[in-house]
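Try each one on the structure before you read the solution.

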Amino acid sequence: MDEAHLPNTGRCKELLIDGATVYLLPSDNPNRKTKYSLHFVENNGALVAMYSQNANNVVIEGIKKGLVKELNGYDIVDSEKTIGNSRIDIYLANAMDSEVYSSDSSSSLVDETYIEVKSVTLIKDGIAQFPDAPTERGRKHLKELINLKKEGFRAVVFFLIQHPNGNSFRPNWENDPEFSETLVEAYDNGVEILVYKSENTLDKISLVGESLDFNLSK
């Protein structure tokens with residue numbers, strides 16, 4: 001029996017249950033230990049995107065298409081921007097003079113924005129929750145956003161709900177109170193929270209709709 005790589009750092013125990021229908025993505029890398037990656041799983045009549053590493057690309061594509069109204073108006077959209085000792089998922093900026101802008105210089109930039117993306121697949125009673133397992137790495141990302149905000153940059157944590165049955169968001173206080181507390185701290189310090197859903201088909205994952213409601217209380 002072939003094994004498949006799970007490109008998701010969560011536990012996903014409520015999704016990967018006996019008898020679940022899954023969809024695999026073949027790899028063309030002959031050096032990989034597994035021939036396939038787990039791409040989708042069916043859950044409660046919905047197609048759930050499991051490839052969390054692809055969430056950044058989905059959000060970037062949505063921003064470029066103008067689907068995220070809170071992030072419209074930028075002419076520079078980059079991924080994995082390094083600042084200090086941190087690498088941030090998405091970087092947005094406007095160049096005062098695009099002809100003199102270079103990626104290794106910030107002297108000609110204004111309205112710089114840093115975004116961390118979190119893929120959400122855990123749904124409880126229609127509410128999307130993150131994380132589904134304790135994440136020290138996720139907490140570190142929030143601390144980085146807090147520091148960036150204090151330095152005068154715009155900072156955003158973007159929760160992408162990749163399970164169609166999720167219609168709002170809350171942090172998972174039960175599974176990871178430390179991450180949840182840090183998310184509240186980030187919000188109180190001016191870090192913005194955006195919550196969007198993806199529309200999943202076997203051919204494509206796309207950003208849809210408008211930012212959804214969130215509740216940070218326990």
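**Exercise 1.** Work out in which hand α2 passes α3, and describe the packing of the pair.

Solution. Start with the hand: α2 passes α3 in a left-handed crossing, meaning the near helix is turned anticlockwise from the far one by less than a right angle. Next, the axes of α2 (residues 136–150) and α3 (residues 177–188) come within 9 Å and cross at roughly 10°. So α2 is roughly parallel to α3, the label for angles under 35 degrees. Helices here are DSSP runs (H or I, at least four residues), numbered from the N terminus.

This is a predicted model, so local features need pLDDT of at least 70, side-chain atom pairs count only at pLDDT 80 or more, and totals for chains, interfaces and linings use all residues. Residues are numbered from 1 along each chain as its sequence is written, and side-chain values use heavy atoms, with hydrogens and water left out.

**Exercise 2.** Find which residues of α2 meet α3.

Solution. On the α2 side, pick out Glu-136, Gly-138, Arg-139, Leu-142, Lys-143 and Ile-146. Their partners in α3 are Glu-178, Phe-179, Thr-182, Leu-183, Glu-185 and Ala-186. Contact means heavy atoms within 4.5 Å.

**Exercise 3.** Is Val-184 buried, exposed or partly exposed, and what does Val-184 touch?

Solution. First place Val-184: it's in helix α3. Its relative accessible area is 22%, so Val-184 is partly exposed (buried is under 20%, exposed over 50%, partly exposed in between, with a 1.4 Å probe and protein chains only). Then, not counting residues up to four places away in sequence, Val-184 touches Trp-173 and Leu-216.

Notes:
Axes are lines fitted to C-alpha atoms, for helices over the stretch in contact, and angles run from 0 to 180 degrees between N-to-C directions. Helices (H or I, at least four residues) and strands (E, at least two) are DSSP runs, numbered from the N terminus. Angles under 35 degrees count as roughly parallel, over 145 as roughly antiparallel, 65 to 115 as roughly perpendicular and the rest as oblique.
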